[in-house]
Amino acid sequence: MTRPAVFLDRDGVLNEPVVRDGRPHPPADASALIVYEEAAEAVRALREAGFALVVVTNQPDVARGTTPRAVVDAINARLREQLPLDDVLVCPHDDGDRCDCRKPLPGLMTRGARLHDIDLARSYLVGDRWRDVEAGAAAGCRTVFIDRSWAERPPSTMPTARAASVLEAARWIIADSGSTMQQLDASPETVSLDALRVKLFADGADLDGIAKLAANPRIAGFTTNPTLMRKAGITDYETFGRRALEIVGGRPLSYEVFADDAAEMLRQARKLAGWGDNVYVKIPVSDTQGNRTDDVVRELTRDGIKVNVTALMTEAQVVRVVDTLQGTRGAYVSVFAGRVADTGRDPVPMMKRSATVCETVPNVELIWASPRELLNVFQADAAGVHVITATHDILAKLELVGKDLDEYSLDTVKMFHCDAAGAGFTL
Ligand SMILES: [Mg+2]
């Protein structure tokens, strides 16, 4: 069976190039090889996502006689000691040589495809030069351009995506490739809450409701938001916040900042976090002007504060936010799947891909937020989402899970009959 690959350029993608006159060159020898710190994580995530990993590199210094082939091979061997790669394919030729492999020609990719049973149409190329992007496109792959502003022309073919590093490229590829994943299986005949891996959180702000749900061992955590708090008539945030923390007994609880500028967000976040180590501070993905809050999230994460980045609706936001959570002790990324569904779009495929993206950074979990019906709990579970947070009225339907449908049908007929009789209708 053929599988997809990620073709990775070497110098400037996996390892630091030597820069002369604004242009990248290979390291002089194996001892000078410096692999980018983020390359290991990128390669690991891509392997886990099922990609073959093939390095494709132009090394014209061999043809020019300035670097022996053995030195190139030694550098590649050192690279493979540090990164689990399936192959490193080298073009040793120079412009003017008759070869089919010097990028922008696609020969290295087509050779890789033959050697490793690779489906080029489902594959990707990551490169930092115009030659890489054009070669990837010529091979029929999608391309990710890491633009390091080298003193040379840009690619004449538009790259499919751009990334700042190989890790960012890997995250984008994982998210993008999910689009071809299989749809979920049809619902099974029998359903039960016992087999669920997704954690159930309760989303609400009335203390009685929180207390009732806290007594249910299936509820693994709690979330609130300013809209729910306002609806519940709360006027004193701190009194409510501290009381709810007592009720939930150590389970995670998210409280949201309401500031709209970075400095005040940071101040509020530190205050909220001070109420307990199980507090996750909700930071909206942007301020009300649409400016990103990435720097706020980074700073809080660096200070060891657990955050819940909220109100996300696109995969691009997920990829970006996950990157700001490097090194976190614990963080949630809340994607409003229900609101996505409200726009007529099926949130399941994007939630599936987003869960994989979250797994590229330790201690980051994806929340399916704003569910619209109980079925979403099962959809979230099947999609590999880590947490679903549901309002108290949706959670009240948990007792219906697995109910016999003939019995439920009869109950419904009886309800209509009873209500008609109660209303005293005549015809
Ligand atoms: Mg390069």
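1. A polar contact is taken here as a pair of N or O atoms within 3.5 Å, where, within protein, one atom must be able to donate a hydrogen and the other to accept it. In this predicted model, three residue pairs are in polar contact between domain 1 and domain 2, with both residues of each pair at pLDDT 80 or more.

2. As for the two parts themselves, the domain assignment of the protein places domain 1 at 5–180 and domain 2 at 199–400, and the C-alpha centres of these domains are 38 Å apart.

3. Where the domains meet, ten residues of domain 1 are in contact with eleven residues of domain 2. The area buried between domain 1 and domain 2 comes to about 830 Å², and carbon and sulfur atoms give 62% of this area. On the side of domain 1, Arg 171, Ile 174 and Ala 175 together supply 62% of the area that this domain buries against domain 2, which is more than any other three residues supply.

4. One salt bridge is found across the interface of domain 1 and domain 2. A salt bridge also joins the side chains of Arg 171 and Asp 323, with an N to O distance of 2.9 Å.

5. Turning to the elements involved, helix H1 (39–48) and helix H6 (166–177) are those that give two or more residues to the side of domain 1 that touches domain 2. Of the elements on that side, H6 gives the most, with five residues. By class, the side of domain 1 that touches domain 2 has four nonpolar, two polar and four charged residues.

Notes
Residues are numbered from 1 along each chain as its sequence is written. This is a predicted model: local features need pLDDT of at least 70, side-chain atom pairs count only at pLDDT 80 or more; totals for chains, interfaces and linings use all residues. Side-chain values use heavy atoms; hydrogens and water are left out. Domain bounds come from an automatic or database domain assignment. Contact means heavy atoms within 4.5 Å. Buried area is the accessible area (1.4 Å probe) that two parts lose on being put together, summed over both. A salt bridge is a side-chain nitrogen of Lys or Arg within 4 Å of a carboxyl oxygen of Asp or Glu. A polar contact is a pair of N or O atoms within 3.5 Å; within protein, one must be able to donate a hydrogen and the other to accept it, and residues adjacent in sequence count only if both atoms are side-chain atoms. Helices (H or I, at least four residues) and strands (E, at least two) are DSSP runs, numbered from the N terminus. Ala, Val, Leu, Ile, Met, Phe, Trp, Tyr, Cys and Pro count as nonpolar, Asp, Glu, Lys and Arg as charged, and the others, Gly among them, as polar.
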